[in-house]
Amino acid sequence: MKKLLLANFKSNKSISEANVWMDTFLKKIAGTNLDLVEIAVAPSFLSLEEYSVKIADRNAPVSLTMQNISAYPAGSYTGAVSVQNVQGLQIKYAIVGHSERRRYFGETSDHVVKKIEQAIAGEMTPIVCFDTDYLEEQIKKIPTEYLEKCIFAYEPLAAIGSGNNASVDEVKAVRESVAKHSPDSLFLYGGSVTDKNVSEYLIVADGVLVGSFSLDATGYANLVATATGIVYQTQ
Ligand code: PGA
């Protein structure tokens, strides 16, 4: 199974900066063997359309990802981006429940369940972010038929953007807690992942979410190169 490397730009980059990033990144990874690694990128909503066109035109090995999605279908929900709004853009994943959404936008586990439903209705795979203090609450609210369609991403608050990445043993233990509820779901780790520490996580997780370190295209291409190397070594 391929390891997933997901770059999350959060609210960084203008449309033109995001385009430069993609052009640079694709040049840097040209020729890399990606048989065992999947690259996904989550730019701002405003870049989704141009990214979609770029990826299709160049047949680029990048899975387009939304950072968030409306909890509601198309309709009178001012300011929200619904599944219908992004129809046809070939988006594969939708991040839901990122701790920054909970912290700054008041999202709850109930909202996250609705977002999971919307993502699945739009034929996207939800990537459900969580920290351990609300994992149980969140997971119990997700209807069983949706559970194995979700990818779970352990993102400890203390590790996000701090340089204090979680220990591999901790990640392993949390993976086991998720598996008790949803044994077939893929499991990612996110929180201060860089090209220096990515290898450790790929041994215990199905992939990583990368925030700050993904903002520089060359740095991220290095991370992909490191990840590709380690995945081949451990095959
Ligand atoms: P970070 O962010 O890599 O900057 O720690 C990770 C995330 O929030 O997904």
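Which residues surround the ligand? The ligand is surrounded by Lys10, His98, Glu155, Ala159, Ile160, Gly161, Gly191, Ser192, Leu209, Val210, Gly211 and Ser212, where a residue is near a molecule if one of its heavy atoms lies within 4 Å of it. This is a predicted model, in which local features need pLDDT of at least 70 and side-chain atom pairs count only at pLDDT 80 or more, while totals for chains, interfaces and linings use all residues. Residues are numbered from 1 along each chain as its sequence is written, and side-chain values use heavy atoms, with hydrogens and water left out.

**Ligand surroundings**

- The shell around the ligand consists of four nonpolar, six polar and two charged residues; Ala, Val, Leu, Ile, Met, Phe, Trp, Tyr, Cys and Pro count as nonpolar, Asp, Glu, Lys and Arg as charged, and the others, Gly among them, as polar.
- A polar side-chain atom of lysine 10 lies 2.7 Å from a ligand oxygen atom, and an N or O atom in the side chain of histidine 98 is 2.7 Å from an oxygen atom of the ligand.
- For serine 212, a polar side-chain atom lies 2.4 Å from an oxygen atom of the ligand.
- On its own the ligand has 280 Å² of accessible area, of which the protein covers 98% (Shrake-Rupley method, 1.4 Å probe).

**Nonpolar cores**

- The largest nonpolar core has 66 residues, of which Phe25 and Tyr220 touch the most other members; such a core is a set of buried Ala, Val, Leu, Ile, Met, Phe, Trp, Tyr and Cys residues joined through side-chain atoms within 4.5 Å.
- Not counting residues up to four places away in sequence, phenylalanine 25 touches Ile39, Val62, Ala217, Tyr220, Ala221 and Val224 (heavy atoms within 4.5 Å).
- A second, separate core of 12 residues includes Leu4, Ile95, Ile127 and Leu209.

**Cysteines**

- The whole structure contains zero disulfides (pairs of cysteine sulfur atoms within 2.5 Å).
- Cysteine 129 is in no disulfide, and the nearest cysteine sulfur, that of cysteine 150, is 11 Å away.
- Cysteine 129 counts as buried at 1% relative accessibility, buried meaning under 20% relative accessible area (1.4 Å probe, protein chains only).
- Cysteine 150 is also buried, with a relative accessible area of 1%.

Terms used
A polar contact is a pair of N or O atoms within 3.5 Å; within protein, one must be able to donate a hydrogen and the other to accept it, and residues adjacent in sequence count only if both atoms are side-chain atoms. Buried means under 20% relative accessible area, exposed over 50%, partly exposed in between (1.4 Å probe, protein chains only).
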